[in-house]
Amino acid sequence: MLPARDNEILTRVAAGTPMGDLLRRYWHPVAASAQMKDTPVMEVRVLGEDMVLYRDGSGTLGLIDRYCAHRRVNLAYGIPEKNGLRCMYHGWLYDETGQCIEQPFEETVRPEARFKDKIKMAGYPVQELGGLIWAYLGPDPAPLLPRWDLLVEPNVFREVASSFIPCNWLQTMENAMDGSHLEHLHWTYGKYVLERMGVPPEEAANRVRGFSRKHIKLGFDVFDHGIVKRRVLEGGSEEEEDWQVGHPMVFPNTMRMGNASRSEFQIRVPVDDENTVQWYVLVHRPGIDVPPQEQTPYFEVPMFDDEGGYIIDFATGQDMMTWVTQGSILDRSKESLGESDRGIILYRRLLMEQMAINEDGGDPMNVIRDPAGNSYIELPQERNKYHIGDAYRRLLQGSWSRYSPNREVVAELYMQGAAERGA
Ligand code: FES
Ligand SMILES: [Fe+2]
């Protein structure tokens, strides 16, 4: 159990709070590049701040305050022009720094006042990488946007997706430090859910068998970029990749998992204290030359069905259901942690340490400033885990990838790869 005061410190994300200020030291995804193609101006809420994201006629991306400094209308209805975003109400024009650069009526009747020079809203740096648009809401100078392997790896088929999750970000991340839930939530419960849906028991078991092995040992190690999670499963040994390599939580808010043919990030970005967007970056390596992608495709992964019920017949849906049922902000003063929760305790300690470093004026973990170390940051990852790849079509039923509009294209690439290897 955690003192209520520590729970507040760990969960609150507004500017001026210890965690809010720590999270502001990092670049966060705020949209998919593909979304901006269809919608040149969109509302974004991140870390409790309401903004609009737009691309102007010169191609510049801007992320500025959502409400016009004049009469406070919503600039999501504004007009992107050659050099900025124009408010639709009285035509004030803003650039990507949030500076007002035109005020039609003021300039007509009292140009000498230069009123526009006094109007400056918030405007944050924005960059595109790996099919996502990333924003930095913290103090200057902004660090580099980390070039994590999955964002820049060549010759892959990349997809991005998102889920809106109505609960605090920390319970979504603590699940990344929770190894032993797999054989319960995704195997026992997964089978139970499928059988209740009418799937014959044998078939239900086959669909989720990848999660069936019991955990007998868990290991957690802090490394340069976060915490590596390792495990020994029943019937396995410490010689296996599960224990020797493992996979990481990338500090502060990213889960990395997968295998040699398919790897993913789940990046959990606080919308505010009680809501989170989970961004997915999925990389497929079919083992053949992959046709170049002009645009990284984007899709949504729903967590509720049309009746408002949780969608729990796939692993990520089961995870999301558990996070939301913990409450909008989990009351950690009432929990009872055991041996299975050592990773969660270590992660909370790391967050506390990094908040202290930030408050003392230092750069916390993964604030990267040296371009030489940022061309390609490789992360540890098991290669053989789950043996997906060639069995991609079977995998689809149990994965969030089933919502991908590209699933057949990807399945075909895996089949071609398998054929070329003579498998
Ligand atoms: S409210 Fe935006 S210009 Fe008047
Ligand atoms: Fe899970």
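The strand description may begin with Met51, which stands opposite Asp65 in β4. This pairing belongs to a predicted model, and the two strands concerned are β3, residues 49-55, and β4. They run in the antiparallel sense and are joined over 5 bridges. Between β3 and β4 lie 5 residues, so that the two strands form a hairpin. Within the turn of this hairpin, Gly59 has a positive phi of about 95°.

Strand β4 itself covers residues 61-65. Of its 5 residues, 4 are buried, and the strand is thus described as mostly covered. Besides its pairing with β3, β4 is joined by 2 bridges to strand β9, which consists of residues 123-124. Here too the strands run antiparallel. Ile64 has Gly123 as its bridge partner in β9.

Attention may now turn to the helices. Helix α7 comprises residues 182-196, and helix α10 comprises residues 315-325. Their axes come within 10 Å and cross at roughly 105°. Angles of 65 to 115 degrees count as roughly perpendicular, and α7 and α10 are therefore roughly perpendicular to each other. On the side of α7, the contact is made by Leu185, His186, Tyr189 and Gly190; α10 contributes Ala315, Gln318 and Thr322.

Note on methods:
Residues numbered from 1 in each chain as written. Chains lettered and ligands numbered in written order. Predicted model: local features only at pLDDT ≥ 70, side-chain atom pairs only at ≥ 80, totals over all residues. Buried ≥ 20, exposed ≤ 12 C-beta atoms within 10 Å, placed from the backbone. Axes fitted to C-alpha atoms, helices over the stretch in contact; angles between N-to-C directions. Parallel < 35°, antiparallel > 145°, perpendicular 65-115°, else oblique. Contact = placed C-beta atoms within 7 Å.
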